[in-house]
Amino acid sequence: MVNRLKTPKGWPAILLERAGAADPTDLDVAVRAGAFEGLRRVIRNLGATATIATIASSGLRGRGGAGFPAAAKWRLAAGTDAPRRYVVVNGYGADPATRTDEFLLEHDPYAVIEGAAIAAFAIGAGEVIIAVRSDATTAIARLGSAIGSATEAGFIGFDILGSGMDITVTIRPVQGAYMLGEETVLLKALAGKRGQPEQRPPHPAESGLDGMPTLVHNVQTLAAVPWIIRNGATAFAAIGTPDSPGTILVQVRTPSGDGIAEVPLGTPLRDVIGLGGRLPASRSIKAVLVGGPSGGLLPPDMLDTPYAFDTLREAGAHIGSGSVVVADDRACVVDLARLLTRFCAGEACGKTIPCRIGTRRLVEIADRVVEGRPRPTDATLLEDLSADIVASALCDHERLTTLPLSSGMRYFRSELDEHILHSACPAGVCHPIAVAAGATR
């Protein structure tokens with residue numbers, strides 16, 4: 001199990017506000033700590049329209065990686081004429097090495113359930129589906145227990161809190177590939193269909209599950225909703241940055257440790273990785289992978305970059321799965337980028353030519369570079385092919401598959417040139433390429 005990292009005193013706790021309870025499924029303890037107070041206020045005081053307006057004023061953006069404004073989805077789903085609507089909670093956690101969403105489900109299932117119920121009430125949905133990895137047995141067990149207790153108490157189920165509205169909450173264990181992080185792919189999987197993305201528009205908020213308006217949100221997005229209702233949109237907007245308010249869960253990996261922390265958006269990347277502990281005195285940071293397998297590789301002089309949606313995107317990385325991995329001076333950035341690209345290409349669904357062929361060509365070029373068979377034009381080929389994939393891709397998986405190599409070329413071009421022009425690996429990692437003079441391991 002991944003540990004929770006210690007954060008500086010004074011950092012706000014929104015998503016993990018109640019984490020640490022001896023029994024996260026104890027409803028009485030959770031209620032005394034504020035659980036379902038937000039749902040009560042929404043039903044008895046605010047109403048659906050004012051609830052959506054509150055979420056809009058807070059500036060809440062989706063925590064699934066893209067950072068799309070949450071209220072825009074809510075308004076679209078609520079305003080689309082349909083006989084029924086759904087809320088789908090994406091707790092799948094597609095990155096195989098990141099457990100932020102699973103950690104939240106295990107440590108405060110009521111925050112996710114309450115947030116989903118508030119969203120369902122606001123858009124007029126009668127059914128909430130929580131998608132979880134089939135192997136996340138602890139999260140599934142705790143969610144099941146929490147749903148049972150909340151239903152018995154009248155917070156969800158039939159005639160919630162005397163409102164006359166029924167909201168059922170069910171768990172759907174799913175198994176599949178990295179692509180399930182994409183919302184249209186997840187909806188296909190829930191419908192028992194092949195997991196491939198759909199052209200948008202229409203967006204799922206207009207036509208999703210069963211062709212009905214479907215609100216798809218990451219677990220962290222919905223877990224923030226009750227806090228916003230209880231404390232106000234202004235209080236939430238005051239945390240983080242104006243463009244990226246609130247907090248987010250980050251899993252930090254350094255050679256010294258691995259753990260999960262809740263950090264205010266806009267925190268400098270240097271402070272984020274500092275939560276994972278110091279590197280040994282004999283080692284130094286070479287690169288930081290931000291965003292998971294399809295993330296960007298940033299150099300040490302970019303560590304003051306704010307950890308927020310837009311600033312990371314401008315730097316050549318992204319929030320992604322909430323993973324931040326530190327590579328020390330023993331790593332070869334070219335080989336690391338190649339391995340990440342190979343993983344993403346292997347996980348691609350193959351629906352389009354950029355996905356099916358383009359991403360695999362990137363891997364082939366990278367393979368020959370690290371194996372000592374480079375061509376003088378390989379750097380240009382990587383740049384041109386990456387640009388073509390980004391310009392013609394159907395979904396973000398294809399676009400982001402290019403990110404490890406493109407960010408590597410942007411910040412570590414000299415290391416790539418050493419491989420291509422001199423058949424040398426400065427880090428002494430790539431074989432049978434000759435080790436560059438002065439390399440240390």
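Before I start, a cut-off: I call a residue buried when its relative accessible area is under 20%, with a 1.4 Å probe and protein chains only. I also keep in mind that this is a predicted model.

Entry one, cysteines. I looked up Cys395 and got a relative accessible area of 2%, so Cys395 is buried. Which cysteine sulfur is closest to the one in Cys395? It is the sulfur of Cys349, at 6.2 Å, and that is too far for a bond. For a disulfide I need two cysteine sulfur atoms within 2.5 Å.

By that rule I count zero disulfides. Cys332 is in no disulfide either, and its nearest cysteine sulfur, in Cys430, sits 3.6 Å away. Is Cys332 buried or exposed? I find 4% relative accessibility for Cys332, so I note it as buried.

Entry two, helices. I picked helix α2, residues 37-58, and helix α3, residues 70-79. Their axes come within 8 Å and cross at roughly 155 degrees. Angles over 145 degrees count as roughly antiparallel, so that is how I describe α2 relative to α3. I also wrote down that the crossing of α2 and α3 is left-handed.

Which residues meet there? From α2 I list Thr51, Ile52, Ala53, Ile55 and Ala56, and across from them in α3 I list Ala70, Ala71, Trp74, Arg75 and Ala78. Sorting this contact by class, I get eight nonpolar residues, one polar and one charged.

Terms used. Residues numbered from 1 in each chain as written. Predicted model: local features only at pLDDT ≥ 70, side-chain atom pairs only at ≥ 80, totals over all residues. Heavy atoms only, no water. Buried < 20%, exposed > 50% of the residue type's maximum accessible area, 1.4 Å probe, protein only. Axes fitted to C-alpha atoms, helices over the stretch in contact; angles between N-to-C directions. Helix = DSSP H or I, 4+ residues; strand = E, 2+ residues; numbered from the N terminus. Parallel < 35°, antiparallel > 145°, perpendicular 65-115°, else oblique. Left-handed = near helix turned anticlockwise from the far one by under 90°. Contact = heavy atoms within 4.5 Å. Nonpolar A, V, L, I, M, F, W, Y, C, P; charged D, E, K, R; others polar.
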